[in-house]
Amino acid sequence: MLKDKISDNYIKNENAYIKYKNLTNNDVIKLFFQVNHLKNLYRQGWLTKLLGMEYADKAESVADHSWSVAMLAIMVIEKYKLEYNVEKCIKLSLIHEIGEIYAGDFIVGSISKDEKHKLEKQAVEKLLQDIEFENDFQELWDEYEAQSSEEAKFIKQLDKLECSMQAVCYNLDAKHIDGTEILTNPCLIDILSEIEEISKDNDIPLCDRKK
């Protein structure tokens with residue numbers, strides 16, 4: 001069941017929306033305060049599976065991740081002259097995680113894909129229920145989840161590539177990241193191969209050192 005409060009994962013700060021939601025009727029302000037929570041929400045997998053809670057104040061937020069995917073999309077599309085709609089790719093990158101504002105950031109394997117989709121869809125609907133200005137947030141989120149466009153498929157692959165690249169930023173071996181087999185774009189496969197090669201002598205995750 002979707003919680004009324006904003007996600008109870010490990011977070012940096014309480015969300016401003018909780019404090020101010022009854023003090024304004026401006027839906028831009030309300031939506032911003034809710035979306036802004038992604039800056040507070042840590043990517044839980046780094047803390048629980050790879051880095052450990054020692055990195056609780058250093059790990060990336062969900063917003064950090066979404067921004068990185070968007071920047072990576074611009075770089076790859078422009079460098080390799082790929083025929084994707086750049087604006088759409090940027091929007092998909094920034095929107096694809098908004099369900100986590102209320103549903104939380106699930107660790108892979110902790111919940112079924114169907115249940116995760118259900119909870120995040122409910123979360124997106126809750127997020128947008130009082131937004132009166134015209135927007136395509138729901139449409140784009142649904143498109144990403146359904147993988148119903150070439151841009152959505154591309155961003156899905158970039159999402160996984162970004163995770164591998166972030167692992168290297170944490171001085172980890174990129175091969176510790178599961179799920180990279182979904183990469184089919186030759187450009188992305190080449191990038192992944194190179195970061196796996198340059199990071200092969202990096203430290204093992206802190207969590208594994210304790211075993």
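Me: Where does Lys12 lie?
Reply: This is a predicted model, to start with. Lys12 lies in the segment before helix 1, which spans 16-20.

Me: What does Lys12 touch, leaving out residues up to four places away in sequence?
Reply: Lys39, Asn40, Tyr42 and Ser61.

Me: And how does Lys12 count by accessibility?
Reply: Lys12 counts as partly exposed, because its relative accessibility is 38% and that class runs between 20% and 50%.

Me: How far apart are the C-alpha atoms of Lys12 and Asp159?
Reply: They are separated by 23 Å. Along the chain, the two residues are 147 apart.

Me: Asp159 brings me to the pockets. How much space lies in the largest pocket?
Reply: About 1,200 Å³. The lining has 34 residues, and Asp159 is among the closest to the centre, with Phe106, Val108, Lys116 and Lys160.

Me: Which helices each supply at least two residues of that lining?
Reply: Helix 3 (44-50), helix 7, helix 8 and helix 9 (150-169).

Me: What does the lining of the largest pocket have by class?
Reply: Charged residues number 15, nonpolar 10 and polar 9.

Me: Helix 7 next. What does helix 7 reach from its first C-alpha to its last?
Reply: Helix 7 covers residues 113-128, 16 residues, and reaches 22 Å. That is close to the 22 Å expected at 1.5 Å a residue.

Me: Which residues of helix 7 are buried?
Reply: Leu119, Glu120, Ala123, Val124, Leu127 and Leu128. They lie on the same side of helix 7, because they cover an arc of only 160° around the axis.

Me: What do the buried residues of helix 7 pack against?
Reply: Three helices: helix 2 (27-35), helix 6 (100-103) and helix 8 (137-146).

Me: Switch to helix 2, then. Which of its residues are buried?
Reply: Asp27, Lys30, Leu31 and Gln34. Their arc around the axis is only 95°, so they sit on the same side of helix 2.

Me: What covers the buried residues of helix 2?
Reply: The cover includes helix 1, helix 6, helix 7 and helix 8.

Me: Now the loops. Where does Asp136 lie?
Reply: In the loop between helix 7 and helix 8.

Me: How far apart in space are Asp136 and Ile95?
Reply: 9.8 Å, C-alpha to C-alpha. In sequence they are 41 residues apart.

Me: And Asn185, buried or exposed?
Reply: Buried, because its relative accessible area is 10%, under the 20% cut-off. Asn185 lies in the loop between helix 9 and helix 10 (186-198).

Me: What does Asn185 touch, setting aside residues up to four places away in sequence?
Reply: Leu82, Tyr84, Phe154 and Gln157.

Me: Last one, Ser93. Where is Ser93 found?
Reply: In helix 5, residues 86-95. Ser93 is buried, with a relative accessible area of 0%.

Me: What touches Ser93, beyond residues up to four places away in sequence?
Reply: Ser66, Val69, Ala70, Ala73 and Ile155.

Me: What separates the C-alpha atoms of Ser93 and Tyr144?
Reply: 9.1 Å, with the two residues 51 apart along the chain.

Key
Residues are numbered from 1 along each chain as its sequence is written. This is a predicted model: local features need pLDDT of at least 70, side-chain atom pairs count only at pLDDT 80 or more; totals for chains, interfaces and linings use all residues. Side-chain values use heavy atoms; hydrogens and water are left out. Helices (H or I, at least four residues) and strands (E, at least two) are DSSP runs, numbered from the N terminus. The expected span of a helix is 1.5 Å times one less than its number of residues. Buried means under 20% relative accessible area, exposed over 50%, partly exposed in between (1.4 Å probe, protein chains only). The arc is that of the directions from the helix axis to the C-beta atoms. Contact means heavy atoms within 4.5 Å. On a 1 Å grid over the protein atoms alone, a cavity is a set of points where a 1.4 Å probe fits but cannot get out, and a pocket is an open set with protein on both sides within 12 Å along at least five of seven lines; lining residues have an atom within 4 Å of a point. Grid points are joined across faces, edges and corners, and a volume is the space filled by probe spheres set on the points. Ala, Val, Leu, Ile, Met, Phe, Trp, Tyr, Cys and Pro count as nonpolar, Asp, Glu, Lys and Arg as charged, and the others, Gly among them, as polar.
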